[in-house]
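Please inspect the structure before reading each solution.

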Amino acid sequence: MRPIDLRSDTVTQPSTEMRAAMASAEVGDDVLERDSTLARLEDRVAGLLGLEATLWVPSGCMGNLIALMLHLKRGDRFLAPAQAHVLGSELGTGAWLAGGMPEALAWEGGPGRPTPAQVTKAAGAPGPYYTLRTTLLCLENTHNFAGGAVTPLAEHRALVAAAKAAKLAVHLDGARLWHAAAALDLPPSALAEGVDTVQVCLSKGLGAPMGSLLGGSRAHIAEARRIRKMLGGGVRQGGVVGAAGLVALDYLPRIAEDHTKIRRLAEGLRRFGLPAPVPDTNILLVPVPDVAAALVALETAGVRALPVGPAIRFIAHRDLTTADIEEALCRIEPLVPVLRGA
Ligand SMILES: Cc1ncc(COP(=O)(O)O)c(C=O)c1O
């Protein structure tokens, strides 16, 4: 049976067009100078984000880590929404390599986000020399473990304003910023407004085999280039993967199709009596009483998903068709008693 892979939007295969672009990419040596294809990609994404410059990095984790290393001095505290990727899913590198003290902020502002008042309170007032310094707010839009939750523009602005008033730098983990922008019908640049740095992924939903861009001021990106080299992320003929990234960006106008697919899955699951919410974007979290049993049943039926806390996570992506979603629902229907813990 052909598995229907809803584990992540990173499971996509490079398209034929992407492979052809990779094979014929014009390349240079991006450590000695800028590889021309990577440079085109970096400039195009800087334009999409409304920022002075971006830097290609192999992964979202490296993009976030470089940002934290740019903004934090050893022992500085940084704030992030609870269950942010930078807090729990990057192997502690924010502390280990960037030297930061993480502080999770509860989602009092809505799914995946704190309120501006929480930011102000957590930042505190500057104290005497012996007090802990808080210097950075990390946002995440969409918030993966809140089920792809979108932070709307007004809230984004209010959070950035609260951080700036408290003299915090702001980094935005925008691994799926594209999805947030599509859901709000805004350009991605609107949701990067006011931030010092932002990380966006080409490998989540857009179909590239690898690659993220870290965006910010020219000065931040020049320093980021040094840190990337230090972390072993300097690439030589990077245009080979840069070309894949350029093709991946062409999917941006279609990304909301993946939101429609996952909404259809959610609707079907609700019809089966399962507590599936209406997802904001392409991620659906369905709480189940026994996650392990549910995953085994799904896998046996050829539907692949992942656990997130007490829920099963399903993610739609460009390699799945609407017919695949209907087929997934047919395969899930007989498993409903297991998913309901009956
Ligand atoms: C919100 C978020 N940030 C960062 C990352 C890290 O990206 P990568 O897997 O490319 O390191 C992920 C990965 O899923 C993510 O969901």
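The model is predicted.

**Exercise 1.** Determine which residues of α12 are buried and how they are arranged about the helix axis.

Solution. 
1. Helix α12 comprises 16 residues, 256-271. From first C-alpha to last, α12 reaches 23 Å, close to the 22 Å expected at 1.5 Å a residue.
2. The buried residues in α12 are Asp258, Lys261, Ile262, Leu265 and Leu269.
3. Viewed down the axis of α12, these buried residues fall within an arc of 90 degrees, so they line one face of the helix.
4. Thr260 and Arg271 are exposed, on the face of α12 turned away from the buried side.
5. The cover over the buried residues of α12 includes β9 (283-287), β12 (311-315) and α14 (322-332).
6. Just after α12, Gly273 has a positive phi of about 90 degrees.

**Exercise 2.** Is Leu91 buried or exposed?

Solution. 
1. Leu91 sits in the loop between α4 (85-88) and α5 (93-96).
2. Although Leu91 is a residue other than glycine, its phi is positive, near 55 degrees.
3. Leu91 counts as exposed because it has 11 C-beta neighbours inside 10 Å.

**Exercise 3.** Which residue does a cis peptide bond join to Asn141?

Solution. 
1. The partner of Asn141 in the cis peptide bond is Thr142, with omega about 0 degrees.
2. Thr142 lies in the loop between β5 (134-140) and α7 (153-165).

Key: Residues numbered from 1 in each chain as written. Predicted model: local features only at pLDDT ≥ 70, side-chain atom pairs only at ≥ 80, totals over all residues. Helix = DSSP H or I, 4+ residues; strand = E, 2+ residues; numbered from the N terminus. Buried ≥ 20, exposed ≤ 12 C-beta atoms within 10 Å, placed from the backbone. Expected span 1.5 Å × (residues − 1). Arc of directions from axis to C-beta. Contact = placed C-beta atoms within 7 Å.
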